[in-house]
Amino acid sequence: MSSETSDSKKLSDGIIFGIGNPLLDIIAEVPTSFLETYKLNANDAILASDDHKGLNESLLRDFPNHQFVAGGATQNSMRAATWLLQQPNVCTYMGCVGQDKYHQLLHDAASKAGLQLSYQVHMDSEERVQTGTCAVLITGNNRSLVANLGAANHFTIQHLDDPKNKQLIEKAKIFYTAGFFYTVCPPAVMRLCEYADTHDKLFCTNLSAPFICEHFGDKLMKAMPYVDYLFGNETEARSFGKHQLKLDTEDVSVIAKAISELPKKNSKRARVVVITQGSDPTVLAITGKEIKEFPVKKPLDIVDTNGAGDSFVGGFLAYLALGKSHEEAIQAGAYCAFECIQQSGCTFPEKPSFDPTTFVA
């Protein structure tokens with residue numbers, strides 16, 4: 001372990017472990033005619049179809065000012081945590097990529113952001129499955145997202161058996177996956193749940209999208225007894241409340257409280273549920289305690305709210321790793337989201353300037 005000073009606590013490498021769907025975000029400002037060519041709407045998020053063949057290549061060729069960001073929900077959170085802590089290698093990230101140039105571009109972008117990477121490379125001689133990508137097309141203040149999960153869909157549990165990866169898992173104290181990964185490799189999620197439980201480490205996850213709560217809720221519910229920290233936003237919480245808890249309410253506080261009280265394997269630790277609501281107060285529910293709400297600080301200029309939730313989780317996990325209180329962790333999460341929504345794509349200024357005593361979220 002590194003030495004600790006009173007003011008800046010140096011964390012051990014790989015203390016936070018993320019597993020998810022790695023996507024290379026290709027961000028570019030485009031004219032509306034570009035959207036029309038590919039039959040896209042200005043403020044939308046879709047999965048790529050046959051209509052979008054050649055879209056990425058066209059972006060790379062015709063818009064030289066494009067930028068690459070290591071994306072995908074969990075990888076975004078790992079980048080946010082690393083940025084706030086200003087300590088490279090504090091987060092390990094795992095997911096599946098292809099054997100192509102996008103893999104290299106993604107690896108470079110994620111390494112530059114300070115992540116410790118262990119990508120599984122999908123070996124496929126037949127149908128060259130490409131690394132997952134997400135085109136982020138900016139027209140004025142609008143964003144159109146076109147995601148192609150590609151190789152991210154091919155992660156297998158065998159990757160966790162690799163001796164190097166076993167070491168990475170052993171080093172970690174906090175495990176995190178966004179809900180999207182439950183559509184890819186639930187056995188890997190359960191392996192990490194059980195490992196965290198046996199070794200008294202933290203398992204954290206995210207509702208991530210209403211469709212996950214509705215169509216993959218059984219996978220979430222299987223993991224739920226192991227979940228120490230659950231994140232989500234108000235629409236996801238309502239979807240989960242309706243489809244999984246069969247609650248007849250839209251009240252986010254009531255739903256958060258119900259989630260916090262679901263059965264839990266490790267009863268030594270209360271479950272913590274954190275539900276963000278955009279610019280409305282963030283809800284904190286802890287098993288057996290009163291609900292708390294935290295007001296949200298709004299920036300004067302919002303550029304792009306994509307990635308705000310991922311950034312919030314990253315900031316929260318960073319402060320959890322530092323051993324801070326839940327209140328401070330929520331402020332840290334709110335600060336990362338505050339900075340993220342003032343940038344294009346899930347990106348951050350060069351350095352954080354977070355002071356929990358003056359940043360009143």
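Analyst: The open sheet has five strands in the order E3-E8-E7-E2-E4, with mixed pairing; strands are DSSP runs of E, at least two residues long, and helices are runs of H or I of at least four, both numbered from the N terminus. Two strands count as paired if DSSP finds at least two bridges between them. At the edges lie strand E3 (44-47) and strand E4 (67-71), each of which pairs on one side only. From one strand to the next, the twist averages 20°.

This is a predicted model, in which local features need pLDDT of at least 70, side-chain atom pairs count only at pLDDT 80 or more, and totals for chains, interfaces and linings use all residues. Residues are numbered from 1 along each chain as its sequence is written, and side-chain values use heavy atoms, with hydrogens and water left out.

Among the residues involved, Ile-26 has Phe-68 in E4 as its bridge partner.

Two helices pack on this sheet. Helix H2 (residues 55-62) touches E2, E4, strand E7 (133-139) and strand E8 (142-148), where contact means heavy atoms within 4.5 Å. The direction of H2 makes about 55° with that of E7; axes are lines fitted to C-alpha atoms, for helices over the stretch in contact, and angles between N-to-C directions run from 0 to 180 degrees. Helix H4 (residues 101-112) touches E2, E4 and E7, and its direction makes about 80° with that of E4.
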